[in-house]
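Colleague: Let's go through this model's pockets and its aromatic rings. Keep it brisk.

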Amino acid sequence: MLKIGLIGLGGFGQFCLNTFKNMSDVQVTAISDNNLSLLKQTAKVYGIKYYDHAEALIREKQIDLVHIITPPFTHHTLSIDALKNGKHVLCEKPLALSKEQAKAMLQTARNSNRILPVNLVIRYVPLTIQLKQLIDQALLGAPLRAYFENYATDAPLPPNHWFWDKERSGGIFVEHGVHFFDLYNSWFGSGDVIWATRQKRPLTDQEDRVLAVMCYENGITVSHFHSFDQPPMLDRQRHHIVFEQGEVILEGWIPNILELYGLVDKQVERKLIEIFPGITIQ
């Protein structure tokens, strides 16, 4: 039984608590949050020990792993503290706000003989794994061009939310875009930024739209666009990859719809059916 100490009880922290509850090989044994009323209420609901200071949780001897679900500017200090106290760490994205912080955290993990994974999950979604198989087998030829468009809602992000403060969040690329940079790295290898820009919401200092063009190892160029200016009902995400002999469209924050348009022969068709069981072919 892996015993977990969870720091951060916001929306995603609550989601993780509820998920861990249904896993037979892990147990959340302690929680911590700066919001004392939320902390006590959550501890009562789940019957879990609580600490009103994260440092006290980190020093709890019974904990094997600390799960850090706090704003990005806290990740560096909390992770290093947990690692030095003999804990493994599962850190939410982004790992840190700078390369220097990240390198220090990773070195501390090595020195402590502990692991420090970042909870980047989208590369492990079934459709993204299947799409990687299609890419690796070149069933539509080589990829030529791709773009990702994320039209996200800003409904839960009031103007004073830490998300808008780059000193605390790192900005949209760092706080949010890392999920998708990681996904495209899994598909195409490492990439370099060719060009990037940002836009502010009129009459404010809130950066709510960012765009980067990347070039990956095989020469494919990819555009990453993120905006946080949509009403909740219009929150949507789309990946579009153009190949030599077709294209693939993948939809959803956690992708759950895939459409493929391609010029294929019977042999390739059979391979597609193997990769995508139950696929509807026209």
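The questions below take the pockets, then the ring pairs, of this predicted model.

Colleague: What is the volume of the largest pocket?

Modeller: The lining of the largest pocket takes in 40 residues. Phe12, Ile69, Lys93, Trp162 and Glu175 lie nearest its centre. The volume of the largest pocket is about 1300 Å³.

Colleague: Which element gives the most to the lining of the second largest pocket?

Modeller: The second largest pocket is lined by 17 residues. Helix H5 (99-112), helix H8 (172-175) and helix H9 (178-188) each give two or more of them. With four residues, the top contributor is H5.

Colleague: How many nonpolar residues are in the lining of the second largest pocket?

Modeller: By class, one lining residue is polar and four are charged. The nonpolar count is 12.

Colleague: Is tryptophan 187 buried or exposed?

Modeller: Buried means under 20% relative accessible area. Tryptophan 187 has 4% relative accessibility, so it counts as buried.

Colleague: Which residues do ring pairs link into a cluster with Trp187?

Modeller: Tryptophan 187 also pairs edge-to-face with phenylalanine 188, at 6.2 Å centre to centre and 65 degrees between the planes. Ring pairs link Trp187 into a cluster with Tyr184, Phe188 and Tyr216.

Methods: Residues are numbered from 1 along each chain as its sequence is written. This is a predicted model: local features need pLDDT of at least 70, side-chain atom pairs count only at pLDDT 80 or more; totals for chains, interfaces and linings use all residues. Side-chain values use heavy atoms; hydrogens and water are left out. On a 1 Å grid over the protein atoms alone, a cavity is a set of points where a 1.4 Å probe fits but cannot get out, and a pocket is an open set with protein on both sides within 12 Å along at least five of seven lines; lining residues have an atom within 4 Å of a point. Grid points are joined across faces, edges and corners, and a volume is the space filled by probe spheres set on the points. Ala, Val, Leu, Ile, Met, Phe, Trp, Tyr, Cys and Pro count as nonpolar, Asp, Glu, Lys and Arg as charged, and the others, Gly among them, as polar. Buried means under 20% relative accessible area, exposed over 50%, partly exposed in between (1.4 Å probe, protein chains only). Rings of Phe, Tyr and Trp (its six-membered ring) pair if their centres lie within 6.5 Å; planes under 30 degrees apart count as stacked, over 60 as edge-to-face and the rest as tilted.
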